[in-house]
Structures are given as C-alpha cells and as structure tokens.
Amino acid sequence: MNPINRRDFLTLGGAAFTLAAVGSPALAAEPAPIVSPRGEPWADLPIRALLLSVPHQKDLDLLCAFVRETLPKEGVNTLVLRIEYSYQFQSHPELATNGAISKNDLKQIVRACKDAGIKLVPCMNLLAHQSDKEQIFPLLKQYPQFDESPDYNPPHPWHDGEFYTKSLCPLHPGLHPVIFALMDELIDVCETDAFHVGLDEAWIIAYPKCPRCGGKDPAVIFAQHTTALRNHLAEKNCRMWMWSDRLIDGKTSNLLAWQASTNNTWRAIDMIPTDILICDWKYVDAPPTPALFAIKGFDVVAAPCDKIDVALAQLELVYLIRKNASRADFSKTISDRMKGMFETSWMDAGEFIRAYQGNPKKENSKNVTDTFKALFAEIRKNRA
C-alpha cells in the first residue's frame, strides 16, 4: 500500500507524491493563460468554495473576521467547514474531542457567514478517517462495535506504509442512528441546506472478517451507505456533498488508489442518486474526471489544493465545458452540471489565515494560500 495520501503529501510537496504514485518525476508546466471575454455566463461559477477546518478557540475571532472581511473580496461564496468531532455535540457529548468548540462558538461562524453572504456547509467524515496514525477517533473509541475491522489496527509503534485509517462498518444496525443525530445537530446549528459527508479514501470496506460485510460487493456496500446518507439529508431538505475518489476506476484510468479506487468501490457511481454534489479532488494534475461525473448526471466541482498550475488547469477545464453550452440547446445539460471550483486546505483555519496574511509556519501552508489567491484572482478576472 502506498503510504502517501493527500493529507500527508502536503508536508512533502506534490513532486514527492507524484514520484511515489507513478515512479516518475513531476512535470508541472505552467498552463497557457485563459483567454476569454469578460463577464460571460460560463465564467460566472455558481460555486466558488473554500475548505477550512474548525478553528482552535483562540482563533475563532480571527476566522470570523476573515470570513467577513476577506472571503467576499476574494469572491468566495461557499465555506465548507471541516468539523469532524471538534464540536460539543449535545446529542452525543461523549464524541467531542478536547478543545471542541461550543454551540455558541459555531453560531459565531454562522453569523459571520450570513453577514458576508457566504453559504456554510458543515463537513464530517462518515466512513473512513476514523483514526489518525495510532489515534482512534471518538466514534470508534466510544462505540467500538462500529469498527469494520476490529482485529486490524494501526501498528504500534506507528510506521508509514502498513496502515492508513480505520473505517466504520456501514452495515452495523446501530451506526446510522448515531451519525444521523450528529448530522441533524450540525445542520440545525449551521442553519444550512447542504452537508459534506466525506466518504474519501475508504480502504477498509467489505472487510473479509466483518460478520456483516465480509464476502459482499464493496461497490454495493458503498452505494448503500452513500444512498442512506443522501436519503436522510433529503428528509432534512439538505443536499449531500461528497468526495469523488471512491467513484473513479483507478485501474482503467491509472489514477491509482488515492485519488481513485482500486478496491472495487468505483462501480457505485451507477448505483447512487445523481443529485449528490461531487467534489473531485485532484492535487497533482488536471485529468478530465469532472466531465465523467457530469456525463453520469452529477453536479461537480473541481477541487485543487497546493499547486497553482494544477488549479488553473482545472479551472480551464471547467470553463471549457461550461463554454460548450453555447453550441447547441442540448449542450447546456452537461455544461450546467459543471458548478465551479473548490479550493481545499487541510491545515487548521488559524494557520491558513496566518499564511494568507504572510506568516506561514510551513512552506506548504504558503503553497496552499498562494494557490487559493491565484485561483480566485483568475475567477474574479473572468467574472468582471
């Protein structure tokens, strides 16, 4: 198993990721400038999003000021807030991590978004990413019966390459009532009509020793879980967002096992409702995978991270497909499903803001914020 994933490779740089993934040097040529008339309909992206993590308590005011003062100037209209277990849940207080923000804290962020005219989308991983290295996250720590692989655990002492993250058992009868309660609480507090459920990088699924999932089709299990989450959100008049990677055939595409699937979940793309918004993260290059989802009937956003040339190439691809709407009446169907751009950041919100302001702790923090600035500058130029 390749030990480098999209969260960890940010500390190494995209070139290291490319070397590990494909065994060849990363060639990141700057794309040709996007030349276009200003203010065309295809350039007015409906979704212009940024992913940030919940801030530490000391950075709450910093984030709220950033939302009010900076994000509107950049052209951001959607903030996806990665909350996970960093919230003091009233429905399940046992699942809050140390230092979790309170309801009043989260309401401050909600008010800041409303003041700035920015849509707030809470985000929580509801399949994989239930651990980090040796640390087991609260849901499996408090409810070990939800573990898909209780006999397969992180190595101690930790070393890269043998294990990634724990996953939930999608077929455990007690799982959905718990996670639905968490989702409902965040939806209500955030006063939102959208929810990002994660679902990325699920390595452990249909685990052979699981009494419920063993021997079953991973694609069917993934599709059933995805559909159950979508159906619950639909009851709340809430749209589901999810990452793209488990729905892409990593072998046929040669996109391999992180940004695509080599564990046979990808066939679920034809088994799930198409009203889910797909967030197609690609950090090393700009393959035309957003078009795959648009052709399949999904709305999609392209999601870069820390490479300016990759982000601008993805934007060019989105524009290219959106511009095709003008060629014929039927062209609009696919073009209109290309909803925009979603810049992603995996550092805490305070570090992102300080890097944006010119005080990064790490080189990659600067790379991410520089990519955000360059991407949104290009978006603003074309919307003018």
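Predicted model: local features only at pLDDT ≥ 70, side-chain atom pairs only at ≥ 80, totals over all residues.
**Stop 1: helix H10**

Start by selecting residues 308-323, which form helix H10. This helix has 16 residues, and the distance from its first C-alpha to its last is 22 Å, close to the 22 Å expected at 1.5 Å a residue. Now colour its buried residues: Asp-309, Val-310, Ala-311, Leu-312, Gln-314, Leu-315, Leu-317, Val-318, Tyr-319, Ile-321 and Arg-322.

What covers these buried residues of H10? Show helix H9 (289-296), strand E9 (299-303), helix H11 (332-335), strand E10 (338-343) and helix H13 (363-383), which are among the covering elements.

**Stop 2: Gln-314**

Stay in helix H10 and pick out Gln-314. Gln-314 counts as buried because its relative accessible area is 4%, under the 20% cut-off. Follow its side chain to the backbone oxygen of Asp-285, which it reaches at 3.4 Å. Then display the residues that Gln-314 touches beyond four places in sequence: Lys-282, Asp-285, Ala-286, Ala-302, Ala-303, Pro-304 and Met-341.

**Stop 3: the largest nonpolar core**

Next, move to the largest nonpolar core, which has 121 residues. Select Leu-106, Leu-139, Phe-195, Val-197 and Met-242, the members that touch the most others. Which helix gives this core its largest share? Select residues 175-190: this is helix H6, and it supplies 10 residues. As background, nonpolar side chains in soluble globular proteins tend to be buried together.

Setting aside neighbours within four places in sequence, Leu-139 is in contact with Tyr-85, Leu-95, Gln-130, Phe-146, Leu-168, Leu-175, Val-178 and Ile-179.

**Stop 4**

Now for charged side chains. Side chains of opposite charge can pair when their charged atoms come close.

Select Glu-191 and Lys-107, whose side chains meet in a salt bridge at 2.6 Å, N to O. This pair links distant parts of the chain, 84 residues apart: Glu-191 sits in the loop between H6 and strand E6 (194-196), while Lys-107 belongs to helix H4 (residues 103-116). Is each partner buried or exposed, or in between? Glu-191 is partly exposed, at 43% relative accessible area, whereas Lys-107 counts as buried at 19%.

Then select Lys-119 and Asp-193, which form a salt bridge at 2.2 Å, N to O. Lys-119 lies in strand E3 (residues 119-123) and Asp-193 in the loop between H6 and E6, so this pair ties together parts that are 74 residues apart in sequence. Lys-119 is partly exposed, with a relative accessible area of 30%, and Asp-193 is partly exposed as well, at 40%.

**Stop 5: along helix H13**

Finish by selecting Glu-378 and Lys-381, where a salt bridge joins the side chains at 3.1 Å, N to O. An α-helix has 3.6 residues a turn, so residues three or four places apart point the same way. Glu-378 is buried, with a relative accessible area of 13%, while Lys-381 counts as partly exposed at 32%.

Technical notes. Residues numbered from 1 in each chain as written. Heavy atoms only, no water. Helix = DSSP H or I, 4+ residues; strand = E, 2+ residues; numbered from the N terminus. Expected span 1.5 Å × (residues − 1). Buried < 20%, exposed > 50% of the residue type's maximum accessible area, 1.4 Å probe, protein only. Contact = heavy atoms within 4.5 Å. Core = buried A, V, L, I, M, F, W, Y, C linked by side-chain atoms within 4.5 Å. Salt bridge = Lys/Arg side-chain N within 4 Å of Asp/Glu carboxyl O. Polar contact = N/O pair within 3.5 Å; in protein donor to acceptor, adjacent residues only side chain to side chain.
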